[in-house]
Amino acid sequence: MTRRLTGQSDDEGGTFDRLSTFDDAEVREFVGELRAAVRDVQGGKLEPHAIDALLHEWRESAIRPKAYLATLKRTARIRRR
């Protein structure tokens, strides 16, 4: 992810591979929100579960409807066999 933010490489694979669905401005927004949430948890302003909620929301945002529908179709075909 750091390589992507610094323009050295695309983010391919790994824990943050879903970030490749976002443009650079969105990735910067994600990192900013995550840093703010961590800071607020450390400062006692938020409960730790707030970080999980933030990650969950971004993870859901990364799901592309077309890819999601394709996955549902594949799953339906597998179940019919």
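Tutor: Begin with the largest nonpolar core, which has nine residues: Leu19, Phe22, Val27, Phe30, Ala37, Ile51, Leu54, Trp58 and Ala62. A nonpolar core is a set of buried Ala, Val, Leu, Ile, Met, Phe, Trp, Tyr and Cys residues joined through side-chain atoms within 4.5 Å. H2 and helix H3 (49-62) each supply at least two residues of this core, and H3 gives the most, with four.

Student: What kind of model is this, and how are residues numbered?

Tutor: This is a predicted model: local features need pLDDT of at least 70, side-chain atom pairs count only at pLDDT 80 or more, and totals for chains, interfaces and linings use all residues. Residues are numbered from 1 along each chain as its sequence is written, and side-chain values use heavy atoms, leaving out hydrogens and water.

Student: How many helices and strands are there?

Tutor: Helices (H or I, at least four residues) and strands (E, at least two) are DSSP runs, numbered from the N terminus. The protein chain has four helices and zero strands.

Student: Is Val38 buried or partly exposed?

Tutor: Buried means under 20% relative accessible area, exposed over 50%, and partly exposed in between (1.4 Å probe, protein chains only). Val38 lies in helix H2 and is partly exposed because its relative accessible area is 31%.

Student: Where is Asp23?

Tutor: Asp23 sits in the loop between helix H1 (2-5) and helix H2 (24-42). Asp23 counts as partly exposed because its relative accessibility is 41%.
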